[in-house]
Amino acid sequence: MARNNWSKEETIVAFNVYCKIPFKSSSKTNPTIIKYANIIGRSPSALNMKVGNFGRLDPELRKQGIVGLGNGSKLDEIVWNEFNGNWEKLAFESEELIAKFQNKTIEESEGINLDDLPEGNERETIVKTRVNQSFFRSTILSSYNLKCCVTGLSIPDFLVASHIKPWAKDKENRINPHNGLCLNSIHDKAFDKGFITITPDYKIVLSSLFENYPNEQAVYDFFKKHKNQKINLPNRFLPSKEFLEYHYENIFIK
């Protein structure tokens, strides 16, 4: 397995993994590291080091005193500069490469059943959308360490990668991890419908609609007890204050 220079394709896959794994959980024994190391034919130690190299380039980690590894390559910087901020390109191109390394189509790699899809350009659009949505979910959940940012709930089946600025409203930021929150399914629905919002200083604000339920214990347990609470912030990809302001002005029911 030991080889020297990384190819650009391998490095793009490593950046994909960097986005998908909680940085503090990255190690040569992490199952995700092992999985993707096997796919690209590198050792888990080598891939873990490459993930650490991307960590040194991330200004959000540096603000938290997390510096990553110190000896990255020029290629790491090239890939970072090309894809950091160009999330849709990263999502689809990196997943295509992951499929190619496995000698699979991207549909096979992602488990997409083509029998249920139309032919032609419409099929391509649906496949790309599903691939991008899957990448967005993985990135958001890993950034929040697989925990709801309101309640701390950590059961993956109940967690949603929630868009701050809705999918239908901003095509350019559909895959942008700064446009995401990790919420449980109930708070995701409340956020989507404007019953709650998050301020640019990351505090939870409740709609006046909840005043219609003054004595309901469940409303208190699910919502009122979280009023003005600060959300649990992600290790990276902080929610954009611009997007949070949009949600407050355009979706939140005051």
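A residue is called buried when its relative accessible area is under 20%, exposed when over 50%, and partly exposed in between (1.4 Å probe, protein chains only). The model is predicted, so local features need pLDDT of at least 70 and side-chain atom pairs count only at pLDDT 80 or more, while totals for chains, interfaces and linings use all residues. Residues are numbered from 1 along each chain as its sequence is written, and side-chain values use heavy atoms, with hydrogens and water left out.

Start with the core. A nonpolar core is a set of buried Ala, Val, Leu, Ile, Met, Phe, Trp, Tyr and Cys residues joined through side-chain atoms within 4.5 Å. The largest one holds 57 residues. Within it, F15, Y18, L47 and L181 touch the most other members. Helix α1 gives this core its largest share, 7 residues. Helices here are DSSP runs of H or I with at least four residues, strands are runs of E with at least two, and both are numbered from the N terminus. Another core lies apart from the largest one. It has 7 residues, among them F92, A99, I112 and V131.

Look at L47 next. Contact means heavy atoms within 4.5 Å. Leaving out residues up to four places away in sequence, L47 touches W6, A14, V17, I33, Y36, A37 and I40.

Several of the residues in helix α2 are buried. Helix α2 spans residues 31–40, and its buried residues are I33, Y36, A37, I39 and I40. They fall within an arc of 160° seen down the axis of α2, so they line one face of the helix. The arc is that of the directions from the helix axis to the C-beta atoms. An α-helix has 3.6 residues a turn, so residues three or four places apart point the same way. The cover over the buried residues of α2 includes α1, α3 (44–57) and α6 (87–101).

Now the rings. Rings of Phe, Tyr and Trp (its six-membered ring) pair if their centres lie within 6.5 Å; planes under 30 degrees apart count as stacked, over 60 as edge-to-face and the rest as tilted. The count comes to 10 aromatic pairs. One of them is F15 with W80, a tilted pair at 5.4 Å centre to centre with 40° between the planes. This pair links distant parts of the chain, 65 residues apart: F15 is in helix α1 (residues 8–20) and W80 in helix α5 (residues 74–83). F15 is buried, at 0% relative accessible area. W80 is buried as well, at 8%. F15 and W80 also belong to one aromatic cluster with Y18 and F54.

Two rings also meet a charge. A charge sits over a ring if NZ of Lys or CZ of Arg is within 6 Å of the ring centre and within 35 degrees of the ring normal. The charged end of K128 sits over F92, 5.6 Å from the ring centre. K165 lies over the face of Y246, at 4.7 Å from the centre of that ring.

What about the cysteines? A disulfide is a pair of cysteine sulfur atoms within 2.5 Å. The count is 0 disulfides. For C19, the nearest cysteine sulfur is that of C182, 16 Å away. For C182, the nearest is that of C148, 6.3 Å away. C182 is buried, at 0% relative accessibility.

End with two loop residues. Most residues other than glycine have a negative phi, and most peptide bonds are trans. N145, in the loop between α8 and β1, has a positive phi near 55°. At 33% relative accessibility, N145 counts as partly exposed. Y202, in the loop between β3 and β4, has a positive phi near 70°. Y202 is buried, with a relative accessible area of 9%.
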